[in-house]
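Thanks for coming. I will go through some side-chain contacts and then the ring pairs.

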Amino acid sequence: MRAGMGALLLVLAASVCVSHAQNNNSSNANKPQQRSIWDEPIRFNTKSKDACTMVVSGAGDYTRLRVTCKGPSQGQNQGRSYYCDFQGKPNLCQAYNQNPRHYFTQMMWDLRKLSHACQGAKIYRPQMCKKHNDEAQMTFMSTWPKTTTPKPSKPSQEVRKPVVPAQTKPVTTPKPVKPQPQPVKPQAGKGSQPRKPTPKPGKTTPRPTEPSDTKASRIASEYCWKSFHGVCTYFISWFQN
């Protein structure tokens, strides 16, 4: 009896495991498979129609990216070819670990805006890991062929033309101008007063002589009492005559 019960439990457990495995397989089949950046490179065209590919490889703790481009051929002349290498630790960003291909796709959006894919920024910061430090970003390392910036040429010295002296016109001496007499202005505050005519000496008229009676009356009023004024006047005029 116990042996029959054990066999029955084993059959039930096996059936449960088989059904669980089938469910997992069906769910995995329904999920879209994400392309790996390691297997298939990302392709794009630059602004100047250069065809480029992005290939990712590992170098120890670092992740390396090589961008290889070839320009369109013009007639018999083949297009230009160049490549550049980038290196970083994007695995420090959690969003990169969840979808590494989208990290490099966002980087490709910036590269395709350039005319030369290797003459862009020194450090690329994709939007999904923009807040991380420089160590988690892809940093420019080298390029081929090396592009050298031409040195500014020195300005050529201009040949100075000989300075021709300007012809000087003969100087004419002006004729002397006779100074005109200017009227004398009166000084401020002092008006011109007309001269007063000096009176001519006239004939002197003799002063009229005072009558004796009047003189005697004047003397009497000075030296005599009022009541004796008439008497004094009589005597004074008598003595004068």
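The side chain of Asp 50 makes a polar contact with that of Tyr 82, at 3.0 Å. A polar contact here is a pair of N or O atoms within 3.5 Å; within protein, one must be able to donate a hydrogen and the other to accept it, and residues adjacent in sequence count only if both atoms are side-chain atoms. This is a predicted model: local features need pLDDT of at least 70, side-chain atom pairs count only at pLDDT 80 or more, and totals for chains, interfaces and linings use all residues. Residues are numbered from 1 along each chain as its sequence is written, and side-chain values use heavy atoms, with hydrogens and water left out.

A second polar contact joins the side chains of Asp 50 and Ser 48, at 3.3 Å. Is Asp 50 buried or exposed? Its relative accessibility is 2%, so Asp 50 counts as buried; buried means under 20% relative accessible area, exposed over 50%, and partly exposed in between (1.4 Å probe, protein chains only).

Now the rings. The structure holds six aromatic pairs. Rings of Phe, Tyr and Trp (its six-membered ring) pair if their centres lie within 6.5 Å; planes under 30 degrees apart are stacked, over 60 edge-to-face, and the rest tilted. Tyr 83 and Trp 144 are stacked, with 5.9 Å between centres and 20° between planes. Tyr 83 is partly exposed at 26%, and Trp 144 is partly exposed at 48%. For Tyr 96 and Tyr 103, the centres are 5.1 Å apart and the planes at 85°, so this pair is edge-to-face. Both of these tyrosines, Tyr 96 and Tyr 103, are buried. Finally, ring pairs join Phe 86, Tyr 124 and Phe 140 into a cluster.
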